[in-house]
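Please read the following briefing alongside the sequence and the model.

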Amino acid sequence: MGQYIMQAAGQPDNPEAIRGIAVAALLGACLIHGLWRNGGIVLNNVLAIIKILTLMAVIIIGFAVAGGASFGNGPIGRNAVKENFNTRKSFSRPSDDAGSYARSIVYVVYSYSGYKQPFYVLSEVSHPKKRFAKATIGTMFLIAVLFILANVAYLCAVPKDRVLGDELDMANIFFRDVFGNETAPRVMSGIIALSIFGNIVVMTFTASKVKQEIAKEGILPFSLHFARSTTTPYAWLKRRFWRTDGGPLEQSPAMALALHGVFAVILVAATSSNTPSIAYIVLVLLYGYTLVVLVGFAVASGVLYLRFSKKREWTDHLGFKPWGGPTAAIIYSCTCAFMIVGVFIPPGETSPFSYATTGVRHYIVPIVGLCMLLVGYSYYFVFAKLIPRLIKKVLVVEREPIIVRQGDRQDGEWVQILEVVEFWWAARQADIKEARN
């Protein structure tokens, strides 16, 4: 994001300024959600609309250029179409670099990883049972179509060889070649910066919710502090100076947001020895490999185990039959397995993922990702298994959801408006029963 802001301002890359912008964006997103939760949601929606409109503009311009239209730099589309869509030339130099293929797929999967975010915040969705499934499927289909058409539009205007030999990203090259000036790519850099900030805003919102739910299990230090939601300053000021309906005040997971902000800044600082562009590649690969690939493989494999395990009798309690049966889980687990192993294969010398290009050994990021999961599992094992054995106590977690009819209507759906969480260490099963009674 910092690089794109510098490009939009017409300034040369300054690593310190770029990292400063990154930290400001991360902490700014936390402050937005902490000060005004609904404001953060509105901002995210506005930035999402800008993203969609930008993709649609790229698609329209790209196909128009392919048809011979000129936007200031002449009819460049016909040559690009002839070169990029010539199957003999496009696939004339196939690569057998499995390591680069695996990394490329990780980045592609990362671009679609946003589909998981709504699952973390279903409590924020109005009429979730009615709207969630339709909205999720419709949105994924729309985004998949727009992403594919946008890539086709790029190829309609920019020859492949020009992209491979240029330091700019595809979108900036596209606007520079189509409009034939330096102003267009600067405008596009600004739009991309807004898009990236939108991603930061939504990820901050959902990540804080995840951290809050983890804290509700009582396994973090000072769990009650991180599990608590607090009234936002905006809600307090609104109640103080404006008339309200007297309903519950808006709340946000302020401490979880602070925790998220601290670790986000730590990740930026940990990669400060690399250039900002290389640091971004490393962090995206780390996120994609750890949270998308490794976790995705574990989830898909677990679903297959439950599906085919006769002892579990899982299918008898499903209540529904997914389309295609276990086909999706099989394909996803096999794809993740390829990426898990493939990123350890050294990329070719001419690959953009090679050590000569990035300055980072190919095995560093996947090893760090595996170690992070191992540390997490080790922490949970020590906290949930080892410590109770040593102190001869068990952690008791009581979570009481407060569920009401949405809109106070008799036919409204049941929704959870808050949750009361308590936990304590109990010495024996008898103590647990006595405490609950």
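**Cysteines and overall build**

The sulfur of Cys 334 lies 9.5 Å from the closest cysteine sulfur, that of Cys 336, which is too far for a bond. The model is a predicted one, in which local features need pLDDT of at least 70 and side-chain atom pairs count only at pLDDT 80 or more, while totals for chains, interfaces and linings use all residues. Residues are numbered from 1 along each chain as its sequence is written, and side-chain values use heavy atoms, with hydrogens and water left out.

**Cysteines**
- The structure holds 0 disulfides, a disulfide being a pair of cysteine sulfur atoms within 2.5 Å.
- Cys 30 counts as buried because its relative accessibility is 10%, where buried means under 20% relative accessible area, exposed over 50%, and partly exposed in between (1.4 Å probe, protein chains only).

**The chain as a whole**
- The secondary structure of the protein chain comes to 19 helices and 4 strands, which are DSSP runs numbered from the N terminus (helices H or I, at least four residues; strands E, at least two).
- Along its principal axes, the C-alpha trace of the protein chain spans about 80 × 60 × 45 Å, and 31% of its 437 residues count as buried.
- Among contacts (heavy atoms within 4.5 Å) between residues at least 6 apart in sequence, 69% join residues at least 24 apart.

**Helix H8**
- Helix H8 covers residues 128-157, and its 30 residues should span 44 Å at 1.5 Å a residue, which agrees with the 42 Å between its end C-alpha atoms; the expected span is 1.5 Å times one less than the number of residues.
- Buried residues of H8 include Phe 132, Thr 136, Ile 143, Leu 146, Ala 150, Ala 153 and Tyr 154.
- The cover over the buried residues of H8 includes helix H3 (37-66), helix H4 (77-84), helix H7 (117-120) and helix H10 (170-179).

- Thr 183 lies in helix H11, which comprises residues 183-215, and Thr 183 is exposed, with a relative accessible area of 53%.
- Although Thr 183 and Gly 10 are 173 residues apart in sequence, their C-alpha atoms are 9.2 Å apart in space.
- Thr 206 also has its place in helix H11, but Thr 206 is buried, with a relative accessible area of 3%.
- When neighbours within four places in sequence are left aside, Thr 206 is in contact with Gln 117, Tyr 120 and Val 121.
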